[in-house]
Amino acid sequence: MMCFREGCPCGIGGPGSVEVAIEIGTRGKIGVSQARVTLGFCSPKCVIQFWEECPTQQDVLEKVAALCKNKEGMKR
């Protein structure tokens with residue numbers, strides 16, 4: 001797999017790789033719950049650059065949603 005930071009050509013899973021998990025509160029028909037979003041990065045440097053580009057939870061969710069939308073578009 002590739003690093004989650006847009007534009008980084010490096011892969012994850014090797015020495016120095018970092019995984020970041022974010023807990024997100026959700027509301028559904030049954031009640032309140034939490035979802036976990038896990039992002040993989042090739043290095044701590046990419047994590048820092050990503051947080052500078054996307055400092056809020058909303059920024060992160062927008063980035064994830066855009067990637068999901070692009071993935072769906074590629075299947076068609």
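Hi everyone, thanks for coming. A quick word before we start: what you see here is a predicted model, and every value I quote is computed from it.

Let's begin with the overall layout. The chain has 76 residues, and its secondary structure comes to two helices and two strands. Reading from the N terminus, the order of elements is β-β-α-α.

How is the chain held in contact with itself? Take the contacts with a separation of 6 or more: residues 24 or more positions apart account for 46% of them. As for burial, 24% of the residues are buried. The chain exposes about 5800 Å², and 56% of that area is supplied by carbon and sulfur atoms.

How much space lies in the largest pocket? About 310 Å³. It is lined by 15 residues, and those closest to its centre are Met1, Met2, Cys3, Phe4 and Leu67.

Which elements each supply at least two residues of that lining? They are strand S2, covering 32-41, and helix H2, covering 57-75. Leu67, one of the residues closest to the pocket centre, falls within the range of helix H2.

Terms used: Residues numbered from 1 in each chain as written. Predicted model: local features only at pLDDT ≥ 70, side-chain atom pairs only at ≥ 80, totals over all residues. Heavy atoms only, no water. 1 Å grid on protein atoms, 1.4 Å probe; cavity = no way out; pocket = protein on both sides within 12 Å on 5 of 7 lines; lining within 4 Å. Points joined across faces, edges and corners; volume = space filled by probe spheres on them. Helix = DSSP H or I, 4+ residues; strand = E, 2+ residues; numbered from the N terminus. Buried < 20%, exposed > 50% of the residue type's maximum accessible area, 1.4 Å probe, protein only. Contact = heavy atoms within 4.5 Å. Areas by Shrake-Rupley, 256 points an atom, 1.4 Å probe, with all protein chains shown as cover.
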